[in-house]
Amino acid sequence: MIVGTVQPEPRLRIRHHGELVADIPNQSLTDDAPLYHRPVGVWKSPIPLDPPEEILAQLAADRDYTADLKKLLASANVCSKRWVHEQYDTMVQTNTVIGPGGEAGVMRIKGTGTKGLGTEGLGTRERGLAMALDGNGRWTYLDPRLGAMHAVAECARKVAMTGATPVAATNCLNFGNPEKPEIMAQLSSAIDGIAEACTALGTPITGGNVSLYNETRGEGIYPTPVLGIVGILNDVTKAVPAEFQQAGDAIVLLWPIPSVRNPSQTSMCP
């Protein structure tokens, strides 16, 4: 369903049942939009950025790593989310190519087919869209700018791992009370980090929203910018899933990469 068209003029026009109900210059929604000038304080995490010596000593001690791994995998932040996504229909009009469980979701775009050589020989190749979400409130709590940048980077990596090229981004900025200078500092630094990362990756922000004043008894939530990135896949039949496909497939280990190899072999550097 077509919901709009792009016109070569700097205006936004909205029609309802054919009647023009809004006609706005684009600049009034961007450069001329109202700005808040709230005091920006300084945010310093009350938690040290580096682990204490006693924690490092515990990690270095000999221990049962199998038990540690089982405990880690049992965490709600790590374990399978299948029980959640099985609660709803993940097929979008038979367009879903990669559903829940992969690094990113992939959907085919019907009507974009071109004749060419696909994975099954000569046929019609359809384009696809890959989409992913990412956010890490704990990292952003420690360093708002760096945490936001890593959210952008990880989201783009998830899209790229399907074979798509990241092209655009959106965001949802979840923070505490911006009227507090230290919370405004979190928000400001996170936005700077998102802007820098998106500029470096060539993924412009096409829109977004904020959820502010999130507090309980005066204590703000972890600053949690959530990024969404969409990528384009020119041949959706070449989408790369996250799981192994069949017995006998080659597994390539990319890390660690040896810095020195046998002199008879080609040298490699990390």
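Select R63 to begin: its relative accessible area is 39%, so R63 is partly exposed. Keep in mind throughout that this model is predicted.

**Stop 1: R63 and its surroundings**

R63 sits in the loop between α1 (53-60) and α2 (65-73). Now show its contacts. Setting aside residues up to four places away in sequence, R63 touches Q58 and D68. Take Q58 first. Its backbone oxygen lies 3.4 Å from a polar atom of the R63 side chain. Then turn to D68. Here the two side chains, R63 and D68, are joined by a polar contact of 2.6 Å.

How far apart are R63 and E19 in space, C-alpha to C-alpha? The distance is 71 Å, while the two residues are 44 apart in sequence.

**Stop 2: the loop between β1 and β2**

Go next to H17. You will find H17 in the loop between β1 and β2. Check its backbone: phi is near 55 degrees, a positive value in a residue other than glycine. Is H17 buried or exposed? H17 has a relative accessible area of 77%, so it is exposed.

**Stop 3**

Side chains of opposite charge can pair when their charged atoms come close.

Select R11 and D23. Their side chains meet in a salt bridge, 2.7 Å from N to O. R11 belongs to strand β1 (residues 11-16) and D23 to strand β2 (residues 19-25), so the pair ties together parts twelve residues apart in sequence. R11 is at 34% relative accessibility, so it counts as partly exposed. D23 is partly exposed too, with a relative accessible area of 34%.

R13 counts as partly exposed at 33% relative accessibility.

**Stop 3: helices α5 and α6**

Select residues 144-160 for helix α5 and residues 181-201 for helix α6. The two helices pack at an angle of about 35 degrees, and their axes are 7 Å apart. The crossing of α5 past α6 is right-handed. Which residues of α5 make the contact? They are P144, R145, A148, M149, V152, A153 and A156. On the α6 side, colour Q186, S189, A190, G193, I194, E196, A197, C198 and L201. By type, the residues of this contact divide into eleven nonpolar, three polar and two charged.

Now pick out R145 and E196. These residues form a salt bridge, with the closest N and O atoms 2.6 Å apart. R145 lies in helix α5 and E196 in helix α6, so the pair ties together parts 51 residues apart in sequence. Look at how open each one is. R145 is partly exposed, with a relative accessible area of 36%. E196 also counts as partly exposed, at 38% relative accessibility.

Salt bridges that share partners join E9, R11, R13 and D23 into one network.

**Stop 4: N177**

Move to the loop between β8 (165-174) and α6, where N177 lies. Is N177 buried or exposed? At 14% relative accessibility, N177 is under the 20% cut-off, so N177 counts as buried. Show its contacts. Neighbours within four places in sequence aside, N177 is in contact with I183, Y213 and E215. The backbone nitrogen of E179 lies 2.9 Å from a polar atom of the N177 side chain.

**Stop 5: R217**

Finish at R217. This residue is in the loop between β10 (215-216) and β11 (219-220). R217 has a phi near 55 degrees, which is a positive value in a residue other than glycine. R217 is at 89% relative accessibility, so it counts as exposed.

Definitions and conventions: Residues numbered from 1 in each chain as written. Predicted model: local features only at pLDDT ≥ 70, side-chain atom pairs only at ≥ 80, totals over all residues. Heavy atoms only, no water. Axes fitted to C-alpha atoms, helices over the stretch in contact; angles between N-to-C directions. Helix = DSSP H or I, 4+ residues; strand = E, 2+ residues; numbered from the N terminus. Left-handed = near helix turned anticlockwise from the far one by under 90°. Contact = heavy atoms within 4.5 Å. Nonpolar A, V, L, I, M, F, W, Y, C, P; charged D, E, K, R; others polar. Salt bridge = Lys/Arg side-chain N within 4 Å of Asp/Glu carboxyl O. Buried < 20%, exposed > 50% of the residue type's maximum accessible area, 1.4 Å probe, protein only. Polar contact = N/O pair within 3.5 Å; in protein donor to acceptor, adjacent residues only side chain to side chain.
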